[in-house]
Amino acid sequence: MRITTRHAVRTVQTLCVTVTAALVATGCGRSEDSGPAKDAPAEIAAGKAKGTVVMWSMGDPDEDLKELAKKFEQENPDATVKITAVPWGSAHDKLTTAVAGGNTPDMSMIGSTWMAEMAAMNAFQATPASIKSSDFYPGQWDTTKYKDTSYGVPFIADTQAIYYRTDITTKAGIKGALAGDRAGYLKDLEAIQATAGKENPKLRHASGLVMGFNSWIFWVPMVWQQGGDIYDAETGKFTFDSPEVAKALEDWASVPKEGLAPTDRSDNVQGFRDGLIAVYQEGGWAGGSFHKDAPELDGKWKTMPVPYSEQPAGFAGGSDLAVFKEAKNPDAAWKFAQFLTEPANLAAYSKGTGSLPPAPQAWTEGKLTEDENMKAFAEQLEVSKAPPAITTWQQIADTIDSELEKLALGKATVAEVQKTLQSKATSIGTGR
Amino acid sequence: MSTNTLPGRGDTGKQNTGQPERSADRRRLTLRSPARGRQARAAWLLAGPFLALFAAFMLLPVVWSLLMSLTDTQSADLRTPLNVSFVGFDNYVRLFQDDQFFTALRNTAVFVLVALPLTLAAGLAAAVALDRGIRRFRAVFRVGFYLPVITSIVAVAVVWKTLLEPRAGLVNLVLGWFGIDGPAWLADTRFALPVMILMAVWRNLGTVMIIMLAGLQSVPQSLMEAAELDGAGPWQRFWRVTFPLLRPALLLTAVTTGIGYLQFFDEPFVMTDGGPLDSTLSATLYAYKQFGNGNYEMASAASYVIFVLIVALTVLQFRVLRDKD
């Protein structure tokens, strides 16, 4: 998954230099007024881009991005774009090291859950006012924010939808998609489970479940569906002790508790392909990979929006484009960022890579919902929300992961989990 | 040099008494001689590049990590180091109030206390078997036992993880042939750590075996024959003659394997991420996770606790296993 923030920083060297400087100058305490969050938006000058833009992209060398860069160079003959691919595994290290050492490229793709941490490091320029938040899905736009200031532009959206195996669900007597309300959805899962062994000889569990790492991504939206939240940005307090959280925990635990999903951390993608599970929740990329790696399944699976209890909600992740404070050519970098996030270009990029564009207009212009299975994702993006933009988020997320596991394995009750989450989150705090 | 100071060379005992002092004087003189100075300069010159790199990339980070463990440095402070303040031993106090750190220490302790003796015993047994019994296939077995050692631990972990996969894995498939419904090895709190111990023993016994084998083969045949003449049986010959001679090899392998086990990291990192329910979370994985979460101060403090434990265990091993004479 692309939303990880876990790839830890092993290079202590650069860090150490700064720490020495700190220790040499020790005596001075922490000054409250320093740091970011009062940044004025950057400005994009009129006219065409000039000079060289150095950009880091994450993952494999990205041919579709290079295509767009070529187009940009044609429109701006005096500009050159240099794109360096950085593997996801080492991207977090590379970025923090570059920021700490003041040796950054002009711009980079940034995993959405890294934005707060790196913005707190004073790494990014604030987004120019000429880039309009209203052009993007609100949840995706929120991933660029830290302390009410935006530090980037959404580029790749990520949200989850339900994938289901039509060949298995029809044998359970379900016509079309499963029910979209929580109670009906659970009944459908039970119906699927009841056919395990007889009509569906391979099927073990109706549904798959993500256990351990990153399981919070599937649970936190359930709190939002209840109309609640886990963090109140106004007061800066965690709200794990709310009744909405209790309901969401009960809902989450009900599936494994009733034996509708395995609790053994088995591989959901493989299980879905092999027909061991009939239903599971996954990001948009999975459809493309099924088509590529398991073409025999083509036409046997469909997607639907995530079922909900009170109101629809989903998780907003993905990657944003950010321009660094120390960029050598910030003007051209912002121009390139603006160019990349134009609806037509987002649509082209999405068609090439199979990723979800973060702007509604890109969906319409690119006619992306012509693919039936993309509709669910378009619907989810409308209601998706970003996790709290606090620098300690990954730690909070780790805590949620381990408490959810206790709940699923029946090692703790809902009330105990709530209590632990609230006290641990409060002691971890929101960073600075 | 000082051959003339040796007694029994025609000198009288009376002359000898003054000799040691004079030879010490001479040694001090030669140290100061210009030739020695040139040698020293050359030595520093040759060692210099290494020492510089060592200081820059090992010593400095180690020292700064110690300093960092006494401050409140977080990733957000990288750009504003003046914000960092000195907090004394606060981080260590916080560390010892953290249940998760104790879980990590306990898992590491279980791992070391079970896996270390098992590895040493299995390695020694393999070495003895190779030395005595299976002479003809010695090369084959030596390679077979040593192969896991030279294979990348990450590759080993990934392969084991695949073998142990609950549904599609080979282990449960084979168990299925005998009508046994295999557990989800790595997702079961009862099995995850034992599986990793087994894996570590299998992987590391090769190192112990190679060193023990070298030790066994250097036991003088005459000593064994003498023991045999004195009426010692094979069992007695092993415990009374061979084993004491293996003590240095045992110390070496116990210390190096022990240090490696205290840094138990790759297996849970690749296979379980410390789960299920923290049952395979090791002390180093805990420190790593703190780094990843931007808590450099806690990560440094945890690293120093691990460092102290390693020193303590090593000193203990030297006490127990060192040659008595």
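What follows is a working chat about a predicted model with chains A and B.

Me: Before we start, what kind of model is this, and how are things numbered?
Reply: This is a predicted model, in which local features need pLDDT of at least 70 and side-chain atom pairs count only at pLDDT 80 or more, while totals for chains, interfaces and linings use all residues. Residues are numbered from 1 along each chain as its sequence is written, chains are lettered from A and ligands numbered from 1 in the order in which they are written, and side-chain values use heavy atoms, with hydrogens and water left out.

Me: What are the ipTM and pTM?
Reply: The model has an ipTM of 0.74 and a pTM of 0.80.

Me: And what is the mean pLDDT of chain A?
Reply: Chain A averages 86 in pLDDT, with 91% of the residues at 70 or above; pLDDT is the predictor's confidence in each residue, on a scale from 0 to 100. Residues 1–37 of chain A, however, have a pLDDT below 50, although that stretch has 91 contacts in the model beyond near neighbours in sequence, a contact being heavy atoms within 4.5 Å. Where pLDDT is low, the predicted coordinates should not be read in detail.

Me: Which helices of chain B have the lowest and highest confidence?
Reply: Confidence in chain B is lowest in helix H1 (residues 13–17), with a mean of 44, and highest in helix H5 (residues 99–132), at 91. Residues 1–24 of chain B have a pLDDT below 50, and this stretch has seven contacts in the model beyond near neighbours in sequence. For chain B the mean pLDDT is 83, and 88% of its residues reach 70 or more.

Me: What about the radius of gyration of chain A?
Reply: Chain A has a radius of gyration of 23 Å, which agrees with the value near 22 Å that a compact globule of 432 residues would have; the radius is taken over C-alpha atoms, and the globule rule is 2.2 Å times the number of residues to the power 0.38. The C-alpha trace of chain A spans about 65 × 55 × 35 Å along its principal axes.

Me: What share of the contacts joins residues at least 24 apart?
Reply: Counting contacts between residues at least 6 apart in sequence, the share is 78% in chain A and 67% in chain B.

Me: Switching to details, what does helix H11 of chain A pack against?
Reply: The buried residues of H11(A) pack against strand S7 (160–165), helix H10 (268–274), strand S11 (277–283) and strand S12 (301–304) of chain A. In H11, which covers residues 285–293, the buried residues include A:Ala286, A:Gly287, A:Ser289 and A:Phe290.

Me: Where is A:Asn214, and what is its phi?
Reply: A:Asn214 lies in the loop between strand S8 (205–207) and helix H8 (216–225) of chain A, and has a positive phi of about 70° although it is not a glycine. A:Asn214 counts as buried because its relative accessibility is 5%. Most residues other than glycine have a negative phi.

Me: Where is A:Lys147, then?
Reply: A:Lys147 is in the loop between strand S4 (145–146) and strand S5 (149–150) of chain A, with a positive phi of about 50°.

Me: What does A:Val54 touch?
Reply: Leaving out residues up to four places away in sequence, A:Val54 touches A:Lys82, A:Pro105, A:Asp106 and A:Met107. A:Val54 lies in strand S1 (residues 51–58) of chain A and is partly exposed, with a relative accessible area of 27%.

Me: Last one: is B:Ser300 buried or exposed?
Reply: B:Ser300, in helix H15 (residues 296–321) of chain B, counts as buried at 0% relative accessibility. B:Ser300 touches B:Ser65, B:Met68 and B:Ser69, not counting residues up to four places away in sequence.

Notes
Buried means under 20% relative accessible area, exposed over 50%, partly exposed in between (1.4 Å probe, protein chains only). Helices (H or I, at least four residues) and strands (E, at least two) are DSSP runs, numbered from the N terminus.
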